[in-house]
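Please consult the sequence and the model shown here alongside this report.

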Amino acid sequence: MSYILKSKPYKSLILKPFLWVFNILLLISCSNTTSSNKDHLVFRYNEHKNIGSLDPAFAKDNADIWAVNQLFNGLVQMDSDMNVQPCIAKEWTVSDDGLSYTFLLRKDVSFHKHNIFGNDSTRTVVASDFEYSFNRLLDKKIASPGSWTLNKVKDFEAVNDSIFKIELQQAFPAFLGLLTMKYCSVVPKEIVEHYQSDFRSHPIGTGPFQFKRWEENLKLVFRKNPNYFEINNTGTKLPYLEAVAITFLPDKQSEFLQFAQGNIDFVSGLDASYKDEILTADGKLRSQYASNVNMIRGPYLNTEYLAFYMDTEVSAIQSDLLRKAINYGFDREKMMTYLRNGIGIPAHGGFIPKGLPGYNATIGYSYQPEKAKELVQDFKTETGIQNPEITITTTSNYLSFCEYIQRELQKIGINVNVDVIPAATLKDAKANGKLDLFRASWVADYPDAENYLSLYYSENFAPNGPNYTHFKSELFDAWYEEAFSITDVKQRESLYSKMDSLVMAKTPVVPLFYDEVVRFTRKDVSGLGINPINLLDLKRVKKTQR
């Protein structure tokens, strides 16, 4: 019997958070329409990790980013194909040397209503609002985790109400992508200075929805912004929904139970607690869900991998023979089928994931056990070590992957130990060169392959940068620095691929798989879409009445 039917153990946990849905529906009703008739205008989802802040300067984690994205806008935004599109800036120009960006702002963007604004309870966004917002992002007293997004910025200024200009220290072709991050959203000075640190729970932005109510760890409600500036391709104002209701059930299994019962509209990701319940081994929806549920999947800018510490004194890790043997020595296709129900793309390319320009499917390693055995034998002959042994350090979430690799590598003659430690301990140990081989993942901060290749630039050695492997190549460094001056997209893409190929030839890492975004929605939800950075965008979402 499916565990979905066994709802009794969950009743005490889930009943109370959902009693308030009726109240939300009353809040959005402006007539005598019953709450059941309004249900199709409320999008409901659960955030099991809680939300730390609704201030975009602190939108570091997905939970915060998803909520902040409904409330705030920046100069530019990313579409589902990872192309930078206008937002509050309706157009922009870039100087020939790539150092100067000039943005022309729309004149019809207003902040959400608040009595602090005075008679009209709102005002139009002007260029000086971006000047204030960027200065706030850099303010050390604020201590925003997103201040790094402006590291390459030399200066910025509001030329007038409609023109905002940014000067860079050096050319950086990925800069527009950085500006799409929620850290770079515009905020109103008078509201921020009124609430100060409490702006986190009293957000006023320009987004498609506006803040209504937040009972932390219990519920969060956004209402439609009736003055939102964006329209669809037929001229209809966005958004379509009247409200967004977010709950905070603490675990994924309870969240899925609520989804299966129709109490929430959307679930993101594939958790071990329910993956076999909803999907077949080859990644298809099971028949009992096919009539009520849609599954959307696509590339996610996340590479899961094993990393070698190249400055180690361990002979097995020092040898490129053994590192290559490990890359050839296990079947990634089988691993994804058995451990992820086929969700995720086996990493036969390089470190740059599928979905990003620069990805090359031909530069990595396929499953070749006989070749792997030959490389192990060559290692034994070269070093005299007859029983090569390695230790993979991981967290409990990825133990099954490491155990699978352990079994496969033992078949080619490598003894493998698996050490499971807490995530915080692993994070500290890998940053300080205390682990010879560890499992890791890299999720793009911004959608440009430079973000991935920065992990192999020698100036970025950990703990002062993300080069956790301490990989070093003068040729790679030269190419990496050259890429900043290339403004031609195709030429830069070709160079990225060459850099990735060089890394794979030197084998400081073992790419395991490129993750996929997986979303499950009820059949009455449309327009949600999907994107490689897994950003939740609700302004074009519709729900049909059941």
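This is a predicted model: local features need pLDDT of at least 70, side-chain atom pairs count only at pLDDT 80 or more; totals for chains, interfaces and linings use all residues.

## Helices α12 and α14

Helix α12 covers residues 320-328, and helix α14 covers residues 369-383. Their axes come within 8 Å of each other and cross at roughly 160°. Because angles over 145 degrees count as roughly antiparallel, α12 and α14 are therefore described as roughly antiparallel to each other. The crossing in which α12 passes α14 is left-handed.

On the α12 side, the contact involves L321, L322, K324, A325 and Y328. These residues meet P369, K371, A372, L375, V376, D378, F379 and E382 of α14. Sorted by class, the contact of α12 with α14 comprises nine nonpolar and four charged residues, with no polar residues.

## Helices α13 and α15

The second pair consists of helix α13, residues 332-340, and helix α15, residues 399-410. The two pack at an angle of about 140°, and their axes are 11 Å apart. This angle makes α13 oblique to α15. Their crossing is right-handed.

From α13, the residues K334, M335, M336, L339 and R340 take part in the contact. The partners in α15 are S400, F401 and Y404. By class, five nonpolar, one polar and two charged residues form the contact of α13 with α15.

The α12 and α14 pair is roughly antiparallel, with a left-handed crossing. For α13 and α15, the arrangement is oblique and the crossing is right-handed.

Definitions and conventions. Residues are numbered from 1 along each chain as its sequence is written. Side-chain values use heavy atoms; hydrogens and water are left out. Axes are lines fitted to C-alpha atoms, for helices over the stretch in contact, and angles run from 0 to 180 degrees between N-to-C directions. Helices (H or I, at least four residues) and strands (E, at least two) are DSSP runs, numbered from the N terminus. Angles under 35 degrees count as roughly parallel, over 145 as roughly antiparallel, 65 to 115 as roughly perpendicular and the rest as oblique. A crossing is left-handed if the near helix is turned anticlockwise from the far one by less than a right angle, and right-handed if clockwise. Contact means heavy atoms within 4.5 Å. Ala, Val, Leu, Ile, Met, Phe, Trp, Tyr, Cys and Pro count as nonpolar, Asp, Glu, Lys and Arg as charged, and the others, Gly among them, as polar.
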